[in-house]
Amino acid sequence: MVLTFGEILLRFSPRLGGVWIEESSFPVFVGGAELNAAQALAAWDVPVSYFSALPENGLSQDIVQYLQSKNIGTDKIHWGGERIGVYMLPQGADLKNAGVIYDRAHSSFSALRADDMDWDQLFDRVEYFHLSAISPALNQGVADLCIAAAKEAHSRGIKVTFDLNYRAKLWKYGKDPVEIVPQIIPYCYLVMGNIWAANTLLDIPIDGEVEQNKVGKEEYLQAGKESANELMNRYPNVQKVAYTFRFDTLPEGIEYYATLLSGNDFVDSPEFRVDHVVDKVGSGDCFMAGLLYGLVNQSTPQETINFAASAAFGKLQEYGDATSQSIEQILNRL
């Protein structure tokens with residue numbers, strides 16, 4: 001079973017330009033990076049459970065029933081605390097865009113501490129444990145919890161996977177990511193992200209020309225290979241490193257491909273292009289789910305990166321936080 005670990009969030013997604021005020025319409029999505037990955041895995045018939053923290057109220061019960069309807073295990077959810085975290089992102093915007101507004105202070109998840117955890121109950125029947133850099137960005141207590149959880153999972157022989165997703169607006173408690181994330185990675189089996197996130201969160205060097213997006217695809221692929229090798233050299237327990245390369249194209253399109261270093265095998269996905277993107281939210285989470293799908297099904301490195309990249313690219317054409325793509329739709333794109 002796969003266990004994903006992170007904060008459940010409500011995304012409010014108003015239309016740009018104040019249209020939401022005139023229309024009295026404010027679409028809401030249930031999401032969060034780790035939940036998005038769980039929803040994809042459940043849709044692809046991978047046994048998956050989700051850990052988060054929720055206050056004991058009717059809204060939380062509605063969310064749990066929704067997760068159960070998606071075949072996501074909810075028995076590991078921690079009950080307690082004050083509120084559900086929220087973020088607001090205008091339709092069509094990117095989470096890395098300045099327009100995102102987070103409202104997560106005093107949420108049930110942000111109040112969690114390592115002492116709250118029953119490790120035996122949390123890791124019962126778990127083979128893969130997934131968390132991301134979003135959680136330790138909240139506060140020192142949650143950072144300590146993530147470090148402890150990764151260490152505990154690794155000690156039990158569970159394969160830990162980690163997403164190097166960087167949200168500058170969340171790191172506001174006096175610590176830089178490079179002070180926290182390198183304490184988690186030693187316990188990880190697979191790390192996912194991109195060369196820029198690896199530089200920011202782990203201080204993995206990249207060439208200046210590459211850093212400034214002034215090179216071509218072959219140079220990016222080489223930079224990905226060098227970065228992944230350096231990451232694995234620094235953290236010997238890491239066996240696989242996957243990177244995405246997503247570039248905006250004019251006027252509003254995307255160019256997308258990805259790489260995977262698995263042991264000594266370095267492979268890259270087909271290149272995908274589209275002229276228009278529906279929603280950028282959740283593409284990376286879908287990529288992570290694709291990697292986990294490959295791990296669970298013991299796919300080859302090439303099969304794994306192809307599936308993950310196709311799934312992530314397909315998510316760009318879906319509205320909302322989580323994908324509804326079928327396995328067949330993902331494979332047909334290859």
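These legends describe close-up views of one predicted model.

Residues are numbered from 1 along each chain as its sequence is written.

**View A. Strand S13 and its burial.** Of its 10 residues, 10 are buried (under 20% relative accessible area, with a 1.4 Å probe and protein chains only). In a regular strand, side chains alternate between the two faces of the sheet. Both faces of S13 are covered. One side holds Gly253, Glu255, Tyr257, Thr259 and Leu261. The other holds Ile254, Tyr256, Ala258, Leu260 and Ser262.

**View B. The partners of S13.** Strands pair if DSSP finds at least two bridges between them. Strand S12 (residues 240-249) runs antiparallel to S13, joined by 10 bridges. Here Lys240 has Ser262 as its bridge partner. S12 and S13 form a hairpin with 3 residues between them. Strand S15 (residues 272-274) also pairs with S13 in the antiparallel sense, over 3 bridges.

**View C. The hairpin of S13 and S14.** Strand S14 (residues 265-268) runs antiparallel to S13, with 4 bridges. Ser262 stands opposite Asp265. This hairpin has 2 residues between its strands, and Gly263 takes a positive phi near 65°.

**View D. An open sheet of 4 strands.** The order is S3-S2-S7-S8, and the pairing is mixed. The edge strands, S3 (28-31) and S8 (101-103), each pair on one side only. S2 (residues 9-12) and S7 (residues 85-88) pair in the parallel sense over 4 bridges. Phe12 has Met88 as its bridge partner in S7.

**View E. Two buried cysteines.** Cys188 is buried at 1% relative accessibility. Cys286 is buried too, with a relative accessible area of 3%. The count of disulfides is 0 (a disulfide is a pair of cysteine sulfur atoms within 2.5 Å). The closest cysteine sulfur to that of Cys188 is in Cys146, 11 Å away, so it is too far for a bond.

**View F. The lining of the largest cavity.** Residues that line this cavity are Glu7, Leu9, Gly32, Ala33, Glu34, Arg104, Ile134 and Ser135. A cavity is a set of points on a 1 Å grid over the protein atoms alone where a 1.4 Å probe fits but cannot get out, and lining residues have an atom within 4 Å of a point.

Key: Predicted model: local features only at pLDDT ≥ 70, side-chain atom pairs only at ≥ 80, totals over all residues. Heavy atoms only, no water. 1 Å grid on protein atoms, 1.4 Å probe; cavity = no way out; pocket = protein on both sides within 12 Å on 5 of 7 lines; lining within 4 Å. Buried < 20%, exposed > 50% of the residue type's maximum accessible area, 1.4 Å probe, protein only.
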